[in-house]
Amino acid sequence: MKSDFLHIYPKSKHNRDNSEYFMAKQSSGETVLVVSGADATLFEGVQTRIKDKLCKLCPQSSANSKIIRKLFDFTNPVSRKGHDITMGLGDRLGLACGGHISAIADTGIFPVLAQQSIRELTLTGRTYDDVLTAVVWAVFREGYKNGYAADGDHLKSGAEIEYALGSGFSMITLDCSEHIPSGTETGRPEDIYLPALHYIERIYNEYIKGTDIDFEISLDETQIPLSPEAHLYIARELRKRGVIFESLAPRFPGDFQKGIDYRGDIAQFERALAIHAKIADESGYKLSIHSGSDKFSVFPGIAKICGGKFHLKTAGTSWLEAVRLIAKVRPALYRQMHTFALSHLSEAKKYYHTTEDTSKIEDIRSVSDCDLPGYMEHEDARQVLHIAYGLILSAKTEDGPALFRDEIYKTLGEHDSEYAAALEKHIGRHLTALGIG
């Protein structure tokens, strides 16, 4: 068997003892790990000869990724502890990590390259093992050795935490929303947040205490903003109970909707942010800003007020960059996805809160192919395509095969370098607005 490589990834060349490694894209479109030497016997794959050297072509499987993690320590997720500016870079397709790495390289940001909630896993049909496996291969392929974290995001139960930790994740974000009464606008903080405090303490003692797991507390999925008084009470009470955590995500004034800019009074947001940042700093942790994708108008204030110490979570924006690319290179496929998303909007809104106005979305029948990527410049269209990702990926034809999923992956695989470049540019816009890079 002879090699039929379209491309060898130069940064993926690694040596270990007497074995050589690199990753290559075949003419079939599949990217494989190529191993020669004694280590080749450890991997599943197919033997071949390349320039008279016996090698093995190894698929990017979960089993092979676990071997890579044992042999190359830099491919393992670690804690964010000790890093001032950290950034969650969610990847719903498992194809964005290369672009994410390019975007944050040499910026000093510590990335959370594996970040996924149970809701996202359910909607995409993936597992935590799938998420981490994709990141491991990207880290190896890009030769990225500066460390990354893996976040089990917005977890709500012990079983979910065990699932994430059992899959090798290094960070847990605990969603406390189900333990905070909804619609509560008045009352003493101790009355409102006491059940959540009991819950946090129990989870910490059962799963986090005595480990190197990075712990984040999420109080952002609530109907009303977290008051400074409540934040101070929570910080003091958790300290009394011996709960150690790296970051806390408040619910801020205004609206942090998915994939669009901040909606609200920026001055009011910055006043609240300043108080919350001071409480966090004096209490020994940093603020976490959730749904941080595309919040360009508040990024300068975050950078200035938080003093170079914060965590920012992004996720759906990388999916939207994939959609933009599909609109550019496969206009017919995009038209089908767009129409499907609009017709299934009410179902998608069961999972996310958005306030799009579909009457402002131009009828796709009147838009030329070359203008289709422009839909991603309009907030209403962005929201519709953002929240429909799960329905788009899981949709099937009447006969059973996937309606869009296979074509989405095929298209992005064929245009992987363009997708990586688009992500580097778009995440770079975030960093520039934050005064980084």
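Student: Let's start with serine 293: where does it lie?

Tutor: Serine 293 lies in the loop between strand E12 (286–289) and helix H9 (299–305). Helices (H or I, at least four residues) and strands (E, at least two) are DSSP runs, numbered from the N terminus. Keep in mind that this is a predicted model, where local features need pLDDT of at least 70, side-chain atom pairs count only at pLDDT 80 or more, and totals for chains, interfaces and linings use all residues. Residues are numbered from 1 along each chain as its sequence is written, and side-chain values use heavy atoms, with hydrogens and water left out.

Student: Is serine 293 buried or exposed?

Tutor: Buried means under 20% relative accessible area, exposed over 50%, and partly exposed in between (1.4 Å probe, protein chains only). Serine 293 has 5% relative accessibility, so it counts as buried.

Student: Which residues is serine 293 in contact with?

Tutor: Contact means heavy atoms within 4.5 Å. Leaving aside neighbours within four places in sequence, the contacts of serine 293 include Gly259, Ile260, Lys313, Thr314, Ala315 and His430. The side chain of serine 293 also reaches the backbone nitrogen of alanine 315 at 3.1 Å.

Student: How many salt bridges does the structure hold?

Tutor: Side chains of opposite charge can pair when their charged atoms come close. A salt bridge is a side-chain nitrogen of Lys or Arg within 4 Å of a carboxyl oxygen of Asp or Glu. The structure holds 28 salt bridges. In one of them, arginine 80 meets aspartate 214 at 2.4 Å, N to O. Arginine 80 lies in the loop between H1 and E6 and aspartate 214 in strand E10 (residues 214–219), so this pair ties together parts that are 134 residues apart in sequence.

Student: What are the relative accessibilities of arginine 80 and aspartate 214?

Tutor: Arginine 80 is buried at 1%, and aspartate 214 is buried at 0%. Both belong to a network of salt bridges that links Arg80, Asp151, Asp153, Asp214, Glu216 and Lys313.

Student: Which residue does arginine 241 meet in a salt bridge?

Tutor: Arginine 241 meets glutamate 201, at 2.9 Å from N to O. The pair links distant parts of the chain, with arginine 241 in the loop between helix H7 (228–240) and E11 and glutamate 201 in helix H6 (residues 189–208), 40 residues apart. Arginine 241 counts as buried at 18% relative accessibility, whereas glutamate 201 counts as partly exposed at 23%.

Student: Now the rings. How many aromatic pairs does the structure hold?

Tutor: A pair of aromatic rings is described by the distance of the centres and the angle of the planes. Rings of Phe, Tyr and Trp (its six-membered ring) pair if their centres lie within 6.5 Å; planes under 30 degrees apart count as stacked, over 60 as edge-to-face and the rest as tilted. The structure holds 21 aromatic pairs. Tyrosine 21 and phenylalanine 72 have ring centres 5.0 Å apart and planes at 85°, so the pair is edge-to-face. Tyrosine 21 sits in strand E2 (residues 19–26) and phenylalanine 72 in the loop between helix H1 (62–71) and strand E6 (85–89), 51 residues apart. Both tyrosine 21 and phenylalanine 72 are buried.

Student: Which residues form one aromatic cluster?

Tutor: Tyr21, Phe43, Phe72, Phe74 and Phe140 form one.

Student: And where does the charged end of lysine 145 sit?

Tutor: A charge sits over a ring if NZ of Lys or CZ of Arg is within 6 Å of the ring centre and within 35 degrees of the ring normal. The charged end of lysine 145 sits over the ring of phenylalanine 74, 5.3 Å from its centre. Likewise, arginine 92 lies over the face of tyrosine 389, at 4.1 Å from the ring centre.

Definitions and conventions. A polar contact is a pair of N or O atoms within 3.5 Å; within protein, one must be able to donate a hydrogen and the other to accept it, and residues adjacent in sequence count only if both atoms are side-chain atoms.
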